[in-house]
Amino acid sequence: ATYIFGLYSGVIKSELEYNQETLNTLSFFKDVGANVGIISGLLNEVTPPSCVVAVGAGMNVFGYLMIWLAVTHRIAPPSLWQMYLYICIGANSQTFSNTGVMVTSVKNFPQSRGVVIGLLKG
């Protein structure tokens with residue numbers, strides 16, 4: 001969902017009556033969420049990868065569901081800080097699936113870790 005922000009940002013802008021500056025800030029928090037994977041890495045150190053992926057799935061559902069509910073007016077319009085938090089959580093969820101898959105694959109194929117990383121991230 002982070003790569004297609006341009007497709008749904010117009011709907012967020014019009015339905016929630018945001019200006020371009022607010023939309024740019026929302027996009028910034030999306031990018032922060034998508035690029036900071038510290039929590040997923042720490043969680044991966046103490047839990048199995050399935051738990052990491054499950055937490056990421058829950059975060060994805062929560063973050064993007066809340067945005068969808070706000071845009072479709074099924075809930076009261078959230079404050080800006082809440083929308084920033086929702087999109088940051090939703091975008092951060094992808095780091096959990098990336099971490100779970102990447103670490104497992106590198107552990108399973110230690111002799112080919114360069115190829116594995118290239119295939120997964122390329």
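Which residue forms a salt bridge with Lys30? The partner is Asp31, and the closest N and O atoms of the two are 2.5 Å apart. We will come back to this pair after a walk through the fold, keeping in mind that this is a predicted model.

Let us start with the overall picture. The protein has six helices and zero strands, and reading along the sequence gives the pattern α-α-α-α-α-α. Along the principal axes, the C-alpha trace spans about 55 × 25 × 20 Å. Of the 122 residues in the protein, 35% are buried. Among contacts with a separation of 6 or more, 68% are between residues 24 or more positions apart. As for the surface, the protein exposes about 7300 Å², with carbon and sulfur atoms supplying 65% of that area.

Now follow the chain into helix H1, which covers residues 5-15. Its buried residues are Phe5, Tyr8, Ser9 and Ile12. Looking down the axis of H1, you will find these buried residues within an arc of 120 degrees, so they line one face of the helix. What lies over the buried face? The cover for the buried residues of H1 includes helix H2 (20-35), helix H4 (49-71) and helix H5 (80-108).

The largest nonpolar core has 19 residues, and the ones with the most contacts inside it are Ile12, Leu16, Leu26, Ile67 and Met83. H1, H2, H4 and H5 each supply at least two residues of this core, and the largest share, six residues, comes from H4.

From the core, turn to the loops. Just after H1, Glu17 takes a positive phi of about 55 degrees. Glu17 lies in the loop between H1 and H2, and with a relative accessible area of 71% this residue is exposed. A second case is His73, whose phi is near 60 degrees, again a positive value in a residue other than glycine. His73 sits in the loop between H4 and H5 and is partly exposed, with a relative accessible area of 46%.

Next, consider a pair that the sequence keeps well apart. How far apart in space are Glu21 and Leu80, C-alpha to C-alpha? The distance is 12 Å, although 59 residues separate the two in sequence. Glu21 is in helix H2, and at 61% relative accessibility this residue counts as exposed.

Back, as promised, to the salt bridge. The count for the structure comes to one, and that one is the Lys30 and Asp31 pair.

Finally, the cysteines. A search of the whole structure finds zero disulfides. Cys51 is in no disulfide, and the nearest cysteine sulfur, that of Cys88, is 20 Å away. Cys88 is likewise in no disulfide, with the sulfur of Cys51 as its nearest at 20 Å. Cys51 itself is partly exposed, with a relative accessible area of 28%.

Terms used
Residues numbered from 1 in each chain as written. Predicted model: local features only at pLDDT ≥ 70, side-chain atom pairs only at ≥ 80, totals over all residues. Heavy atoms only, no water. Salt bridge = Lys/Arg side-chain N within 4 Å of Asp/Glu carboxyl O. Disulfide = S-S within 2.5 Å. Buried < 20%, exposed > 50% of the residue type's maximum accessible area, 1.4 Å probe, protein only. Helix = DSSP H or I, 4+ residues; strand = E, 2+ residues; numbered from the N terminus. Arc of directions from axis to C-beta. Contact = heavy atoms within 4.5 Å. Core = buried A, V, L, I, M, F, W, Y, C linked by side-chain atoms within 4.5 Å. Areas by Shrake-Rupley, 256 points an atom, 1.4 Å probe, with all protein chains shown as cover.
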